[in-house]
Amino acid sequence: MKKKIIIDCDPGHDDAMAILLAASGVSNLQIEAITTVAGNVGVGKNTKNALRICDLSGLHTVPVAMGADRSLIREPLEAAHVHGESGLDGTGLPKEPIKKVADAHAVDVLIEKLLASDGDITLVPIGPLTNIAIAMRKEPLIIPKINEIALMGGGTYGNRTPAAEFNIYADAEAARIVFESGTPIKMFGLDVTHQALATPDKLEELTAIDSPAAAAVADMITFYSGAYKGNFAGAALHDPCPIAYLIDPSIFELKKARVDVETKGEFTYGMTVADFKGRTGRAPNVQFATWLDQEGFWQLFMDALRSY
Ligand code: BDR
Ligand code: CA
């Protein structure tokens, strides 16, 4: 039995790699839809990139729906310095996708799919949480229908500011709605995604794989590594982490925590404040990923690219 998922994303190099992993021959996931949101670059460019990745990975029938073009309250925030002007710079992929965007808003696709489901769809948000929050507000009946949310975002420290990770910082109000919704959440934040580093030896191994998907990923990692130079041993594969978990949970270790999203702090806006020790006296709302089996992760990722 395949696990049904909807990927809500802002591709973005690591978003693209997450889609490729989910669509690969080693995956036990059935992608019901891909929804896009403003994040790494504007939602129009992110959507075009999602379509280009669908062309590459053979996802011809999966609907791709465009969503929110800005966060709930904040001014739009982008990460073009990391992903380039197009959001997916550095690859030789055709600039224009063959696949067409769906004729419905992402929020409506999320609502429709969830309401029609048996409660067996897992949401995988790997961009700002704007679409998910709007969908929850527009149709609260979807909340008990969500099997679980496995998201990339947050951490006990930040990358956009010292306190906040990009996806949460880009729309902390939306993140707060989602974290307070009562939906079971598995959170793959920087603490664990910074353990998934594409070091030069991994890049070399990837380059030796003879498939168009592997070649595109090697180009993506080469470009995207620029943003990590100096501070890290390689580019962090953030967004593939929740997908890898859903395919093989044994690769990760998770701990229960109460996580609250800071929306008012002068220096801490967008921080995910994690209470592992019960200091708040409030029930845990998150399973927080703390550890990644690097060997297992890379084995899965390479096998996925070999399967194309
Ligand atoms: C997150 O921010 C984006 O730039 C990446 O795609 C990832 O989802 C990492 O902080
Ligand atoms: Ca992303």
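This is a predicted model: local features need pLDDT of at least 70, side-chain atom pairs count only at pLDDT 80 or more; totals for chains, interfaces and linings use all residues.
**Exercise 1. Packing of α1 and α10**

Task: Classify the packing of helix α1 (residues 13-22) against helix α10 (residues 212-224), and list the residues in contact.

Solution: 
- Step 1. Two packed helices are described by the angle between their axes and the distance between the axes.
- Step 2. For α1 and α10 the angle is about 155°, and the axes are 10 Å apart.
- Step 3. Angles over 145 degrees count as roughly antiparallel. That makes α1 roughly antiparallel to α10.
- Step 4. The crossing of these two helices, α1 and α10, is left-handed.
- Step 5. On the α1 side, the contact uses His 13, Asp 14, Ala 16, Met 17 and Leu 20. On the α10 side, the residues are Ala 213, Val 217, Met 220, Ile 221, Phe 223 and Tyr 224.
- Step 6. Sorted by class, the contact of α1 with α10 holds nine nonpolar, one polar and one charged residues.

**Exercise 2. Aromatic pairs**

Task: Count the aromatic pairs. Then assign a geometry to Phe 188 with Phe 252, and to Phe 297 with Phe 301.

Solution: 
- Step 1. Rings pair if their centres lie within 6.5 Å. By this rule there are eight aromatic pairs.
- Step 2. Phe 188 and Phe 252 have ring centres 5.3 Å apart and 85° between the planes; the pair is edge-to-face.
- Step 3. This pair links distant parts of the chain. Phe 188 sits in strand β6 (residues 185-188) and Phe 252 in strand β9 (residues 252-261), 64 residues apart.
- Step 4. Phe 188 has 0% relative accessibility, so Phe 188 counts as buried. Phe 252, at 7%, also counts as buried.
- Step 5. Phe 297 and Phe 301 have ring centres 6.2 Å apart and planes at 5°, so this pair is stacked.
- Step 6. Phe 297 and Phe 301 are four residues apart in helix α12 (residues 294-306), so about one helical turn separates them.
- Step 7. Phe 297 is buried, with a relative accessible area of 1%. Phe 301 is buried at 2%.
- Step 8. Phe 188, Tyr 245 and Phe 252 form one aromatic cluster.

**Exercise 3. Covered helices and a buried loop residue**

Task: State how many residues of α11 are buried, and how many of α7. Then describe the surroundings of Ile 251.

Solution: 
- Step 1. α11 is mostly covered, with eight of its eight residues buried. Among them are Pro 240, Cys 241, Tyr 245 and Ile 247.
- Step 2. Helix α7 (residues 172-179) is mostly covered too, with seven of its eight residues buried. These are Ala 172, Glu 173, Ala 174, Ala 175, Ile 177, Val 178 and Phe 179.
- Step 3. The buried residues of α7 pack against α5, β5, α6, β6, β9 and β11.
- Step 4. Ile 251 is in the loop between α11 and β9. Its relative accessibility is 1%, so Ile 251 counts as buried.
- Step 5. Not counting residues up to four places away in sequence, Ile 251 touches Trp 291, Leu 292, Asp 293, Gly 296, Phe 297 and Leu 300.
- Step 6. Compare Leu 72: Ile 251 and Leu 72 are 179 residues apart in sequence and 35 Å apart in space, C-alpha to C-alpha.

Technical notes. Residues are numbered from 1 along each chain as its sequence is written. Chains are lettered from A and ligands numbered from 1 in the order in which they are written. Side-chain values use heavy atoms; hydrogens and water are left out. Axes are lines fitted to C-alpha atoms, for helices over the stretch in contact, and angles run from 0 to 180 degrees between N-to-C directions. Angles under 35 degrees count as roughly parallel, over 145 as roughly antiparallel, 65 to 115 as roughly perpendicular and the rest as oblique. A crossing is left-handed if the near helix is turned anticlockwise from the far one by less than a right angle, and right-handed if clockwise. Contact means heavy atoms within 4.5 Å. Ala, Val, Leu, Ile, Met, Phe, Trp, Tyr, Cys and Pro count as nonpolar, Asp, Glu, Lys and Arg as charged, and the others, Gly among them, as polar. Rings of Phe, Tyr and Trp (its six-membered ring) pair if their centres lie within 6.5 Å; planes under 30 degrees apart count as stacked, over 60 as edge-to-face and the rest as tilted. Buried means under 20% relative accessible area, exposed over 50%, partly exposed in between (1.4 Å probe, protein chains only).
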